[in-house]
Amino acid sequence: MTEQLAAVLAEVAEIAQNPYAKAIEAKAAGEKVVGYYAMNYPEELIHAAGAYNLYLQESAEPVTAGHAYYYSFFCGPSRSLVDQAVKEQLDFLDVFIGGDYCIQEIGAAEVVEAQRRNIKSLFFRLPVGNEPTTRGDLHAGLSEIKGDLERALGVTITNEAINASIRLYNQNRALLREVYRLRELNPGILTSSQLVQIVQSSMVMRKDENNELLTRLIEALKDQPPRDVNGQLFFLSGAFCGAPKVDILSIIERAGGVVVADDLVHGWRYISTDVQESDDPLAAIAEWYLSRDFNVPCPTRVNPAINYPQYLVDQCKRYGVDEIFILQARYCEPHMFFFPDVKIALENAGINYLLIDVEHEVVSLEALKTRIEAFVEMNQFKSDMAAV
Amino acid sequence: MSIDTMGQPHLGVQAQLKKPNILSAGRLVNTMVNDYWEDLINAKANGKLVGYTTGLPIGPFLDAQDMAWIHGEGYGARVAARHAEHEPQIIAERKGYDREICSYARTQMGCVFAGLEGVPADLEAGSVVSEIPMPDLIITAYPGCTSGPQWDWTISRQFPGVPWFNVVIPYHMGRNGSGYMRGEEYEQEVAYVERQLKEMCEFIGKISGRPYNYDKLSELMGRVKETGLLRKEAMEMCATTPAPASFFDWSIFIAPVNYLSGWPGTVEALRAARDEIAQRIEDGVGTVPQERYRLFWEGIMNWNKLGWMAKKFASFDTAVVAGRYTHMAFWQEPEMIDPANPLRGVAINHLECQLGLGYQITEQKMFELCEKYHIDGVILHGAHTCRSFGRSHYLMAENLSKKLGIPSTMFEGDMVDESFYREEVVNTRIEALLETIDAKRQRQR
């Protein structure tokens, strides 16, 4: 690894490990900060309102005070959000936006609103489905949140400003896709943990600053010599809200697994699709929600026109992998409802899978290590036998 | 729904087993449920299409077009009330459906797989499991729970080609000062739901191959309105002391205002309940032999524990008088239904159903009920696989105490998966709540 690449990755890691630091700096400098949780928010609108746009993150801290307000049998990302709020760790926010795509996140947003009255809480309605009327319904939901943001921040959000934000955000997505392309060409140049952190940096930084960081990263990656990859190639799937645990990704890679592609929200799901510039940018964002769902299907969107199991099979074929790790957040009902169909599709396609049930509080890494190692070794053995 | 007489609860050291005084009018509900079931299992033989529905009552819309219907939650509740839920839940789990998924969904899906593929040789499942008719169409109308549409999406994937219509019922969060049945957000969302209901009628008409029968819908909604008005009147009569009927009675009477909405006999059943309650008030008869405490049940019903819970609370001299599940949904605003033009009234009732309301609106409505029914304490039933109900329990607990001085307690349970119960925990928590109420009364003397 070159010094230049090491320096950029260290910068990225620092940002990922202190995801709110830059937002807090911006707040201290007099900026309004808008936080939202988790996927599916129209970030371009927030940016066009002139506010600092912060994608809140699942914290690594164990949930403690939050359990006074939320049951322990709710998913880790939602419990972590509640915990952060009641520990007053989100008090730097001017505005918090919750949304209607998952009941556990809705409940968490209600706790944030009830417990932190100093933060203005908004709610984003994003209708599900894919009916002839859905585009119009999405547009209505976007119009509502635009109006609420304008009231909360005391600004007017113009179409010109939204289009400028769309351009900036598209640049950011394109740069991240370039990082993915380089990693695809040379799989050993970035670990999956590093890639997650790189996407995470985009979620928590100003996009113009992140674009500059990514440009430096891409230059450094281009200088990397080709690396031999001797391990098993894997697709990494799931983790729809929180970032995958670095510990789990490290175990996969130490066991000899090489992750070549993913559908993580802290990954390809976040960057797969651009928003078109338009005279009616809200219509363009509405269209983006629908088209993104075809590019990377989302189990929360209740869109009968998509086929998530087949998407995973197709992705594995595209990247030439026969194995997939599925990271399923404990209590994530959207994911749990889909898993049996995913399982059948993978089995029919001859793709081996390992379902990893991810708790916020990791119970036993050692037991997980044994399972992951066994899975990697089993697949290595199969490959070796096939080659004989 | 019948109250089971099997399975006596264990009561710990502070109570002796006593029988609850369940309304005899509940027997009329049993008759209706049995009639509905007979109609359902014979539906296909009688040339009727069968619709699967989840969420709020869509039955009258299908009934108007002479279709039969299965309400997913109602079906799960029926299976559980007959203590036949374990086998379908095992079948679903073997398919890969995690037991943390909504137990209503797991139960219905287990029945569906039993219907599609037969009951596995090592399991014994009764006809209520294996005779579930297969769907010709699917309609979702889920308020306040994202898992509901995902459940129907899962069902629809088992039946490729079966048409599905999802009525998206938005959350009424109270944006920009909107409140219960008022404000811009409320008006916009009522119009949104009403439009979708109109589209749903067209969808049903298209599937049936003939124009939608709005006249029949009006007739059925007239019956729904009358049933709703009688239920509301009867419920409000229970503000008296001793309470003449309980949350457990109102749970039995859910069927006539849920999946049996508009069914023949619903008006008569609720009228009988109201009259029986009026007689009890005149006679000074309560729902428990010796009422010492009045509680509110916060959370969804536990169908396989209904009789068990009724006995348990009776034994603690406790009337569970009201609940969010029973009192804030299922045609809770019957006056708003105009049978001649019913879609707006349906939209209002569905939008303002308890699960779809934002926390501040929910709290306000719930606290009004606590005051109206002279509530001493609140049971928070943490139904493990119903995260929609559970999402605001602890907020409620804190604010009940701070704002109304009402204590509460929580125990885990579930709608139709009894494996989430720990009976000694239930006993201890109930005892602790009642002792807290006693201590409060002592201080006030």
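1. A residue is called buried here when its relative accessible area is under 20%. By that criterion α14(A) is mostly covered, with 13 of its 16 residues buried. The model is a predicted one, and the points below should be read accordingly.

2. Helix α14 of chain A runs over residues 333–348. From its first C-alpha to its last, α14(A) reaches 24 Å, close to the 22 Å expected at 1.5 Å a residue. Just after α14(A), Gly350(A) takes a positive phi of about 75°.

3. In chain B, attention is drawn to Ala243(B), which lies in the loop between α9 (214–237) and α10 (247–252). Is Ala243(B) buried or exposed? Ala243(B) has a relative accessible area of 0%, and it is therefore buried, the cut-off being under 20%.

4. Beyond its neighbours within four places in sequence, Ala243(B) is in contact with Cys238(B), Gly286(B), Thr287(B), Glu291(B), Arg294(B), Ala319(B) and Val321(B). Glu85(B) stands 158 residues from Ala243(B) in sequence and 32 Å from it in space, C-alpha to C-alpha.

5. The largest pocket has a volume of about 670 Å³. Its lining comprises 24 residues, with Ala16(A), Glu58(A), Ser59(A), Ala60(A) and Gln200(A) nearest the centre. The elements that give two or more residues to this lining are α1 (3–17), α8 (192–204) and α10 (246–254) of chain A; α8(A) gives the most, with four residues. By class, the lining of the largest pocket has ten nonpolar, nine polar and five charged residues.

6. The count of cavities of 30 Å³ or more comes to 13. The largest cavity holds about 300 Å³ of space, and 25 residues line it, those closest to its centre being Glu73(B), Tyr104(B), Tyr142(B), Ile300(B) and Leu355(B). Helix α16 (residues 387–390) of chain B supplies the largest share of this lining, three residues. The lining of the largest cavity has 15 nonpolar, seven polar and three charged residues.

7. The second largest cavity has a volume of about 180 Å³. Among its 17 lining residues, Val128(A), Thr146(B), Pro149(B), Val168(B) and Ile169(B) are the closest to its centre. Twelve residues of this lining are nonpolar, four polar and one charged.

Notes. Residues numbered from 1 in each chain as written. Chains lettered and ligands numbered in written order. Predicted model: local features only at pLDDT ≥ 70, side-chain atom pairs only at ≥ 80, totals over all residues. Heavy atoms only, no water. 1 Å grid on protein atoms, 1.4 Å probe; cavity = no way out; pocket = protein on both sides within 12 Å on 5 of 7 lines; lining within 4 Å. Points joined across faces, edges and corners; volume = space filled by probe spheres on them. Nonpolar A, V, L, I, M, F, W, Y, C, P; charged D, E, K, R; others polar. Expected span 1.5 Å × (residues − 1). Buried < 20%, exposed > 50% of the residue type's maximum accessible area, 1.4 Å probe, protein only. Contact = heavy atoms within 4.5 Å.
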